[in-house]
Every structure is written in C-alpha cells, then in structure tokens.
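Hello,

Here is the structure I promised to pass on to you. Have a look at it first, and then read on for what turned up.

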Amino acid sequence: MTTYLLADRPIQTQQTLGACPHDCPDTCSLLTTVQDGVAIKVHGNPGHPHTNGVLCTKVSRYPERTYHAERILHPLKRTGPKGSGQFERVSWESALADIASRLTTIAARGPDAAQAILPYSYAGTMGLVQGDSMAARFFHQLGASFLDRTICSAAGGEGLTRTLGGKVGMKVEFFAQSRLILIWGSNSIGSNLHFWRYAQEAKRLGAKLICIDPRKTETADKCHEHIALLPGTDAALALALMRELIVHDWLDHDYIARHTLGWELLRERAMEWSVQRAAEICGVAREQIESLARDYGRCLIEQQPAAIRLNYGMQRVHGGGNATRAIACLPALIGAWRQPSGGLLFSSSGSFPMDRAALQRPDLLAGRTPRTLNMVSIGDDLLRDSSTGFGPKIEALIVYNSNPVAVAPDSGKVVQGFAREDLFTVVLEHFQTDSADYADYILPATTQLEHADIHLSYGHTDVLLNRAAIEPLGEAKANTQIFRELAACMGFDDVCFADDDETLCRAAFPSADYAQLLNQGFTTLPMADAPFAKGNFPTPSGKCEFYSASLAAQGLDGLPDHVPNYESPGAAAPYPLAMISPPARNFLNSTFVNVTSLRDIEGEPLLEISEADAAARGIWSGAVVRVFNDRGSYLCKAKLSARARPGVVNGLGVWWRKMGLNGTNVNQLTSQKLTDLGRGPTFYDCLVEVELST
Ligand SMILES: Nc1nc2c(c(=O)[nH]1)N[C@H]1C(S)=C(S)[C@@H](COP(=O)(O)OP(=O)(O)OC[C@H]3O[C@@H](n4cnc5c(=O)[nH]c(N)nc54)[C@H](O)[C@@H]3O)O[C@H]1N2
Ligand SMILES: Nc1nc2c(c(=O)[nH]1)N[C@H]1C(S)=C(S)[C@@H](COP(=O)(O)OP(=O)(O)OC[C@H]3O[C@@H](n4cnc5c(=O)[nH]c(N)nc54)[C@H](O)[C@@H]3O)O[C@H]1N2
Ligand code: SF4
Ligand SMILES: [Mo]
C-alpha cells in the first residue's frame, strides 16, 4: 500500500492483481488501482507477457461498468407481470427463504422431481470458482437437471477432440515466428487482441497472413489476403486444399506415416474435392484456393512454420464439427507440428491440469443421474410439458453468468418460455438484463473487482488468480456466497458448503504454484514447445486421427466431410440471404451493451449489407430495415458496406433486446437446430430476407 499526502489529507492508493473474467481467449492479467476503497483504474499488467500491459477498450472501462448507476445492489422481487421489469426491494433473508421454500417444494414431490429445476449458466465470468464450484455443488446435492453448456464451441471442441484428442494445440506466443498464418473464422482484432499482437510481430518478420471469413473484418483489412467464403463452406475449402497438397505432393510422408491414422481413407475423400467443386460451393475464385494451397505447400518445401488460428466463427453452422475436423487434419499433412511455430490453435483449455471434481463435487449426486438439457434449445424446452423422453416440465430456472433471453437462439420462443406465469425464475446478475426482466427474484452479484477467483485460459497456457480489489458494492454477494447461503436455507449440511473462496481457488489446480499466483498473479504451465512434433496426440491411438473409429462406431462418418448448411441460399430456399451475427468489437456477447461509452462507439444495432443486395431492395445506408424469416422479424438500421459480401448480411453484436428498435435482436431470427457434432448452436446458419421497414 502506498500512502500519498495530497492536499490536506492522506490518500491511500493500492494496486491489486486480478484476471479479466470475460469470455475471451486472452484472459488478461489486470492491475486495479484502488483509492480510498474505490477502484479508479483498471490496467493491463505489464508483468504478464501475454497481456503486455494492454487491455481491450471494453475492460479498460471496467470501473464505469462496476460503478454504473444501474447496478443491481439489493435483492429484488417481481411486482408486475413477467417481463415488465417491475420489482421491489426485499431483504436477502426473505428472498433466500422464499427461493429455498419454492425449490424444496418442487424437489419434495418424488425421487426425481428436482429435475424440474434447471440451472442456466454460461460464461459471464470464466472464473472457475464464481463459475461453477459452489453452484455445481448446490445443484448436485439438489439433483437438478444438468445443463449441457454447448452454446459457444461445442461443435469445434468435439471435432478437435476427435482429431487431435482434446482442446490442445500450439502455444500462442509461437505464432510470432510463424511464416504463414491462416486466421480462420476469427476477427482477431476484435475478439483475440493479444493473439493479434503476435500475428503482427510475425507480419513484421515477413510472414504472410490470410484471413478466411465471409465478412471483410478489421482483421481481414490488415491481412495480405482475404478469402470471403460463404458461411458454412469451410470443410469444402479444407478438402480442396488437401487435394491440391496431394496432387502436387506437398506432403510430409514421414510425418503422415508415423503420426496419423486413416491416411488412405482421407486421401480418397479429399480426391473428391476438385478446386472447381469447392470454389462453387464456397463462392470464391478457384485461383484463391490454388494460391492458398501453394502458400501452405511452400512452407513444407521451405521447411518454414505454417500456423492456423482457428476460431469459433466457422463452427456455428450445421457442419461445424466436420469443418473443424477437416481443418485440424491440415497441419499433419505438411508436418507443420514438427516446429513450435507450426500447427494449429483452436482452444488451449484442454491443456490445464484442473481438478474439476474437487470444485464441483459430483459425488453429492449420490448415484442419481439427472437428465441433461441443452442450453441451445432452452426456447423449445421451456415450452414443453412433461413427457416420456423429456421428463418433468421445467418449473424453476436459476440463471447466473448468462443472459439467455438475449443470447440463446430463436429468442421468440425463449421469451415465450420465460414469460410463463407458472415458471419460477431466479436471476443472479449485475444488471437488469433482458433475462432479469422475467425473473421472480433478481439477486445482486459481485463483479470481478469485488470477489476472488482463479482462471484458466482458452487462448494461452497460464493460470491466473483474481484477488478482490474492493469490497462488494451495496448488498451484492459473490455467486459462491449466494449458493452457500441458499444451501444453508435448504438444510444442505455437507461440510463442503462451508468452503470459502480461497479454499476453492486452491482446490482448482492442485499442482499450480500458488505462491507464484499470489505474487505475480499468474503462473505458466509446464508444456513442450512443439507438443506433437513426434506425434503423442492425446487421441486413443496417440496419432492425429484423420479417421475416427469412435465416430464411425456411432454410425457417423469416420472421415471429415462437407456438411451443407441447414439453410443454404439457392433457388429453392425460402429466404435468399445468409445472415451471420458475429460479435461487436466493443461488446462481449451481450455484456457491456449498457455501458454508455461503449454503446456510443457501437452506435446502434446495424445490418451490414452489400451494395448489390441493398440496391436490389431499394435500401440505403441508414434506412430502417426489417430482417425476417419464419422465426420472426428484427428491425435495425442498414449499413451499406464492403464488409458484407453479396449474398451474406452481417447482423452485428448481441444487443439487448430492449434496446432494439422493436424490442428484438438478431437471435429473433436464429434457429435452435444443432450442429453435426457436439450438439452446438447454428447461429450462422440462418437465411433471412431484408426489406425497408414501413
Ligand atoms: N470484442 C469481443 N470479443 C469477444 C467476444 C465478443 O462478443 N466481443 N466474444 C468472445 C467469445 S464468447 C468467443 S466464443 C470468442 C471467439 O469468438 P468468435 O465468435 O470466434 O469471434 P470472432 O473473432 O468475431 O469470429 C467470428 C468470425 O467468424 C466469421 N464467420 C462467421 N461464419 C463463418 C463461417 O462459416 N466460416 C468462417 N470461416 N468464418 C465465419 C465472422 O464473420 C467473424 O468474423 O471471442 C470472444 N471475444
Ligand atoms: N446471434 C448470436 N448469438 C450468440 C453469439 C453470436 O455470435 N451470435 N455468440 C454466442 C456465444 S459464443 C456465447 S459464449 C454466448 C454467450 O452468452 P452468455 O454467457 O450468456 O454471455 P453474456 O451475454 O455476456 O451474458 C453474461 C451475463 O453474466 C453476467 N455476469 C458476469 N459476471 C457475473 C458474475 O460474477 N455473477 C453473475 N451472477 N453474473 C455475472 C453479466 O452481467 C451478463 O449479463 O452467446 C452466444 N450467442
Ligand atoms: S476481454 Fe479479452 S482482451 Fe479484453 S481485457 Fe478481457 S481478456 Fe483481455
Ligand atoms: Mo463464446
């Protein structure tokens, strides 16, 4: 602590090390300056190599979000109709007692009755403790339904695991020495800024950067080439790329023979994919595919590292799992894994030696196996009655770290479900989000500056510790504390419900150097520089599995293939334009939409549309348009932009519905259909029509 004597009184200033809690691959190390108990500035920790002293614009505004005038600081109870947003202040004691009594009544109806209760949570905080430690213990003891947390990367995660064996890959820092970087399905400048720094370093050293993305993003602007393929056609591109490598013999035969499985079969599959065929499906010029193959093949010939930064944008379509499998095969074909700066990174989260069971205590289930509900189909599931195959109707919903009414697909259905008068809903939140509007109780949660936590990362390989910088505001309590107190009200007496947050932090990574975490805020995992240089993939065979026997055993295709979108534009399609809805740079999913300075940068909900598609519809920049399909309609402003390719419109960002022109957002249009692998969402597999709003 430093004490400065300023003016006529001493001011106490202190800095606390923390971690950014947001769902972002960068997991930055934070340094919060606190003056007289008030957080006045959040900086990037210069001592953490990946953060490098720099935060994104969003999180550098963290104090604005934390001290926002609309923070929920007291428990609130609904007074008006569902969705009206009318609440009254109540005490913690009465809120918790009422919630506990409602849940107890449901659970008491029979041995499996607690399955009518569903926890709904995602990554509002990525912290392992405020995420799912005490909450998981609570729901395990209760016997509530399980939630399949699929909404983000399930398809790609499954595809990667079937091919490489887990969510593992290159170390991000080695991209700085790559010679060729394919940025595939990612707007890195917007959503993976600290990776972009390494890519820029590589660019300065002479690397070529190629962006593969239907949208001409800020990242595409800064790459040497941009391949603007149609959404959901990535597997076709990858297979044609393989065929080119095969016909030119740009292959590392030794690596393939030693460290891969199913080469002959994959070869046969790839040979079906002429450049011409892929070019037609992807909607790109043949020359672009040929040139991409030459660049990739040249790295083999010149023994230069070729790297792929694959991100989640390409796996939110019907064939997202297969597309990830196809792309994950590529590095093995040219032996890119032999070098630390070659290979692929999709997610590093599987690299961490985490003790999930110690945090979540599945033993509290005591032999019960509740059903699992998919968070993607919450819209349909809330509207289902009890039936065989489904089980009991959902009667209570406990939402934390998530804003499903805004972020889940087909939100017309989600809203209808949340509006059920017979549904008992509790939302733990910082703000009165679209979901909180439908709550029976809103419980005030602390932010990252007010609680402790521990973090892994899905974009690098460091563990980070977050220490509370300030006291909780108002009557806010940490998620852990809310579930501890609720457990006590329910009479759950296992001693694990008394564990404090520090005990939980320490339990997460038993092998991590906790002293180092306390001292410098992070610790780096011991990990080989080129983990798959000699094979050693964490697959059942230890090889890169081009052919997956486990998928074949389930009756699925053992090889990766192009799986067309559910909703492909074409003459017979009911709606002509493909809509993707990638994140806005200054929001994080639906978080920060209510932070004025950030919303001012984003402006208003926009639909980027190409000049040709706009002209055909008499649409001009700034016109209010109706974007619609069978699921619903969404009003926003059109923006004629070269960022949209013909045939594809970009509905940016996950805005709060209540800030939209007609009280909806893009998810009014997206569907609940699931991906080929992993039961993930298909947000970017969505056809629409656009017209001027009257
Ligand atoms: N600023 C900001 N950062 C974020 C987020 C945010 O909302 N805002 N979200 C965070 C979250 S939750 C996640 S999961 C991560 C990763 O989040 P991602 O969703 O991977 O985010 P983006 O980097 O925008 O990458 C998506 C890109 O994929 C493109 N795309 C869409 N469809 C296709 C397709 O079919 N094929 C290909 N090749 N590309 C396609 C989009 O145009 C977009 O540029 O980012 C995190 N970081
Ligand atoms: N159309 C479309 N829809 C999408 C996407 C897309 O690209 N397009 N992206 C999808 C993706 S990748 C994802 S990951 C999901 C994200 O979906 P969510 O994980 O639901 O993400 P957010 O919208 O950021 O909502 C998180 C909420 O958690 C709250 N929160 C944060 N910290 C805490 C805490 O400590 N305690 C409590 N109780 N609450 C907290 C925040 O205030 C915020 O309201 O959205 C998906 N939806
Ligand atoms: S959102 Fe991402 S880039 Fe921004 S501070 Fe957090 S981890 Fe870093
Ligand atoms: Mo995500």
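A salt bridge is a side-chain nitrogen of Lys or Arg within 4 Å of a carboxyl oxygen of Asp or Glu. With that in mind, the structure holds 42 salt bridges. Please remember as you read that this is a predicted model.

One pair to look up is Glu218 and Arg585, whose side chains meet in a salt bridge at 3.9 Å, N to O. These two partners link distant parts of the chain, as they are 367 residues apart. Glu218 sits in helix α9 (residues 218–222), while Arg585 is in the loop between β23 (577–580) and α24 (596–602). Another pair is Asp437 and Lys658, with a salt bridge of 3.0 Å between their side chains, again N to O.

Now for the domains. The protein chain is divided into three parts: domain 1 (76–152 + 352–524), domain 2 (155–346) and domain 3 (577–692). Taken over C-alpha atoms, their centres are separated by 29 Å. Domain 1 brings 26 residues to the contact and domain 3 brings 20 residues. Between domain 1 and domain 3, an area of about 1,700 Å² is buried, and carbon and sulfur atoms give 47% of that area. How many salt bridges are counted between domain 1 and domain 3? The count is two.

Sorted by class, the lining of the second largest pocket has 14 nonpolar, 14 polar and eight charged residues.

Finally, the cavities. A search of the whole structure finds four cavities of 30 Å³ or more. The largest cavity has a volume of about 130 Å³. Its lining is made up of 17 residues, and Cys24, Asp26, Cys28, Cys56 and Lys58 are the closest to its centre. At least two lining residues each come from α1 (57–60), α7 (188–191) and α8 (193–204). Which of the elements supplies the largest share of the lining of this cavity? That is α7, with three residues. By class, the lining of the largest cavity divides into nine nonpolar, six polar and two charged residues.

Happy exploring, and do write back with any questions!

Best wishes

Key
Residues numbered from 1 in each chain as written. Chains lettered and ligands numbered in written order. Predicted model: local features only at pLDDT ≥ 70, side-chain atom pairs only at ≥ 80, totals over all residues. Heavy atoms only, no water. Nonpolar A, V, L, I, M, F, W, Y, C, P; charged D, E, K, R; others polar. Domains from an automatic or database assignment. Contact = heavy atoms within 4.5 Å. Buried area = accessible area lost by both parts, 1.4 Å probe. Helix = DSSP H or I, 4+ residues; strand = E, 2+ residues; numbered from the N terminus. 1 Å grid on protein atoms, 1.4 Å probe; cavity = no way out; pocket = protein on both sides within 12 Å on 5 of 7 lines; lining within 4 Å. Points joined across faces, edges and corners; volume = space filled by probe spheres on them.
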